[in-house]
Amino acid sequence: MTEQKILYLHIGMPKTGTSSLQSFLVQNENALLQNNFCYPKMPGRYPMVSPNRNAHFLVGKVKNAAGVEDETLTKERFDLSIQRLEEAFQKADNVILSDEAIWNTYTVKTPECIRQVVRFCDERNIELKVIVYLRRQDYYLESYWKQQIRKRGAVWEWQRVMKKTPGYIVLDYEKHLREIAEEVGDDHMIVQAYQEENFDLCSDFMHILNIDDLDSFYVLEEKVNLSLNNNYAEIKRILNQLLETENMQEWGKQQRWFEKVAVDCSRADKKQYESSMFSAGQREDFVKKYDGSNHRISEKYMQGRELFDQETESGSGLPQWSRDNALQYEDTVLFFGMAYLEIKKELEALKSNIQRIEAVQRRGLLHRIADKCRMFL
């Protein structure tokens, strides 16, 4: 008798290690297949979206040269992705889709990103399981803010985010989970806590899938989508004001270049200034707002285990970040030193390329002269 086919839809939330998990799943395609799982590659690309996010067809839009959605191409991409999903179930009984944007995209007014998957499974007698990792609200907001600075060229100061959190950011997890559960059913929801310290997301995710023998799996060498140190986030935030605003292609080049330098600095083997964007009092007040709803999540989805362990979470004892901290000057010098070395490396590569082209041209000229001489012999 054929096993029940299962579609595991991992919907985030953002800033819970999703990029690392997706990279891990892509790198371990063969090991997954050996365990009767498939993480299918989907067709097409979306701007600023990693191809590892194989569920992005549920929320992504295909745009034309003017940046406007082409509904016909979006529909074609969606249909091709559904076809690829069907092919994946021919390879394995268990298929995984993952995209963290689904968490913030789904609302009761825009439910299609979930409903499309529900319809797919219902029509094919496939069981659906929705997996979500939750990160404590204060840590999520800090990480989200720095991600916008790093990836999106944001120039917002922290206090602005504290005063007015963007409306699409979900912080009331209980309400959001309840709305999603109304689409898929409580029994089909798997809710996990993302821990700040000593947490191996890939192993935890594999445990959810009942894959406990990881000897045949490749381990990621380093964390993907590293969060910026607060000092480098501030440098990048200020420099974002210099980004090109008229030409989006040029904006993208400049943004990626500044991002690379900031990430290289955050990875640098030097003392990093560990700090919190919250003061101790601000953090405590912020977390208290969600204590009740977080506790109800633990009772409903986690067999009564507390969703977030207040005692072991980091951050509470860190000093609040300020512009005049002891390492800001040093980190600023390091950033521009790194930038200089990056420019120097690029110039040397260009010079080497020019010399190679000139050498080829000279050889071509000598060959043409030699050919002319042979004509007179």
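**View 1. Ser279 is partly exposed, with a relative accessible area of 21%.** The model shown here and in the other views is predicted. Ser279 sits in the loop that links helix H11 (248–267) to helix H12 (280–288). Pro319 is 40 residues from Ser279 in sequence, yet the C-alpha atoms of Ser279 and Pro319 are 7.3 Å apart in space. Burial is assigned under 20% relative accessible area and exposure over 50%, so the 21% of Ser279 counts as partly exposed.

**View 2. Helix H6 crosses helix H12.** The axes of H6 (residues 137–152) and H12 come within 9 Å, with a crossing angle of roughly 115°. H6 and H12 are therefore roughly perpendicular to each other. On the H6 side, the contact is made by Gln137, Asp138, Tyr139, Leu141 and Glu142, and on the H12 side by Arg283, Phe286 and Val287. By residue class, the contact of H6 with H12 consists of four nonpolar, one polar and three charged residues.

**View 3. Glu100 is buried in the loop between strand S3 and helix H4.** This loop runs between S3 (94–98) and H4 (101–105). The relative accessible area of Glu100 is 10%; values under 20% count as buried. A polar contact of 3.4 Å joins the side chain of Glu100 to the side chain of Thr18. Leaving aside residues up to four places away in sequence, Glu100 touches Ile11, Gly12, Met13, Pro14, Thr18, Ser19, Gln22 and Arg53.

Note on methods:
Residues numbered from 1 in each chain as written. Predicted model: local features only at pLDDT ≥ 70, side-chain atom pairs only at ≥ 80, totals over all residues. Heavy atoms only, no water. Helix = DSSP H or I, 4+ residues; strand = E, 2+ residues; numbered from the N terminus. Buried < 20%, exposed > 50% of the residue type's maximum accessible area, 1.4 Å probe, protein only. Axes fitted to C-alpha atoms, helices over the stretch in contact; angles between N-to-C directions. Parallel < 35°, antiparallel > 145°, perpendicular 65-115°, else oblique. Contact = heavy atoms within 4.5 Å. Nonpolar A, V, L, I, M, F, W, Y, C, P; charged D, E, K, R; others polar. Polar contact = N/O pair within 3.5 Å; in protein donor to acceptor, adjacent residues only side chain to side chain.
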